[in-house]
Amino acid sequence: MLARIASDPPESGFELYAADVYGWAYRLLGRHHDALDVVQDVFVKWAQQCARQEPQHPRGWLRRVTLNHAIDKVRVRRHGSIESDEAIVRHTHPAEAPGQSMDQAVLRADIAKALDRLSDSQRSVLVAKIYDDLTFARIAEELDLTVSTVKTHYLRALDVLRAQLRPRWDDQEKL
Amino acid sequence: MNCEPIDSMMADALGDELSPDDRTVFEAHLAGCDKCRHEYETRLQTIKALRGLPGPRRVTIQRRGNRLVIQGLPESQPGVMRVRYRGLLRYAAGLLIAFTAGYATHLGMMMGEDGSVSSSISYGADHQGSEKMIFASAQMKPDTLQSSLVNVHIRRPGRSDLAKGLIAMLAVRR
């Protein structure tokens, strides 16, 4: 599979982080091609940023920008019909039971809605902790925050996600 | 019950960064405090939901010139764009073939002196009053031609042409 990129990003950044960027985007979007679009967009931004000044913490910068782009893509997708999302999910997950795929797609949409309500830092902390399994100290260093601020962001982000997902759990309990 | 020390431990407990001694104190408090236990368990449920989403496949992405090369994806994984348009193209092609065949079966076929049946496809229209005549014929070899003769129909093309075209296609294939 080949995709075209608009400009040549600095070798070190791309070779080191492209797979991570793809992973963060895929977590939010659940679709291979959408994740690749985000990879492309993010590394164009990366090239522009490096032309000015390379970020002090590249991974933290890339995570933040990736999440922003992925959230934007979800916003755009949200304007489409639910039926089209169902059909697309069915086609991109042919090995899975349709019901299960749709449930995951709806869960992703709920998660994306909740993440949209968070600040950049809160979102980055949550993803870094949950998916990258970094310590609070490491996250604080990457994002240039204090450890106590990182912990506060983490709890706040979890509370927003919890509020978004609670109706699903209540419905499941009723069943 | 004083929940303040537990609040400060909550993030570490959820992030799996509590020391063993602090973990003992934390769990002892939860055993006796419904409010803190509920907060902890529902946040933990949230973390499990997030981690439960399928992650990306292990891929490597390399830059070659101005292209990205992705390795690690299964060959059979369909792209969303290809799946979206493949069905539409097949449907459109099928419709076109069926309509064409439908018109062909409504055309006069002439038997040649040597027994061959031949005709040629051409379209033309000639208005006669309120009716529109459509002339067409098909060039086909005898062994592929349907044996029945049909009359030229003077009428507008419609869905029945599609149905008849589909039937004709099936008959010719046999």
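**A close look at one serine and its surroundings**

Modeller: Let's start with Ser124(A), which is buried at a relative accessible area of 1%; buried means under 20% relative accessible area, exposed over 50%, and partly exposed in between, using a 1.4 Å probe and protein chains only. Before going on, keep in mind that this is a predicted model, where local features need pLDDT of at least 70 and side-chain atom pairs count only at pLDDT 80 or more, while totals for chains, interfaces and linings use all residues. Residues are numbered from 1 along each chain as its sequence is written, chains are lettered from A and ligands numbered from 1 in the order in which they are written, and side-chain values use heavy atoms, with hydrogens and water left out.

Back to our serine: Ser124(A) sits in helix 6 of chain A, residues 120–130. Helices (H or I, at least four residues) and strands (E, at least two) are DSSP runs, numbered from the N terminus. If you skip residues up to four places away in sequence, Ser124(A) touches Arg63(A), Arg64(A), Leu67(A) and Leu143(A), where contact means heavy atoms within 4.5 Å.

Now zoom out to the chain around it. Chain A has 8 helices and 1 strand, and along the sequence they run β-α-α-α-α-α-α-α-α. Of the 175 residues in chain A, 51% are buried. Take the chain A contacts between residues at least 6 apart in sequence: 68% of them join residues at least 24 apart. Chain A exposes about 8400 Å², with carbon and sulfur atoms supplying 49% of that; accessible areas come from the Shrake-Rupley method with a 1.4 Å probe, and for residues only the protein chains shown count as cover.

There's also a spot where chain A meets chain B. Arg162(A) belongs to helix 8 of chain A, residues 147–174, and counts as buried at 9% relative accessibility. Its side chain makes a polar contact with the side chain of Thr42(B), at 2.7 Å. A polar contact is a pair of N or O atoms within 3.5 Å; within protein, one must be able to donate a hydrogen and the other to accept it, and residues adjacent in sequence count only if both atoms are side-chain atoms. Leaving out neighbours within four places in sequence, Arg162(A) is in contact with Trp169(A), Glu39(B), Thr42(B), Arg43(B) and Thr46(B).
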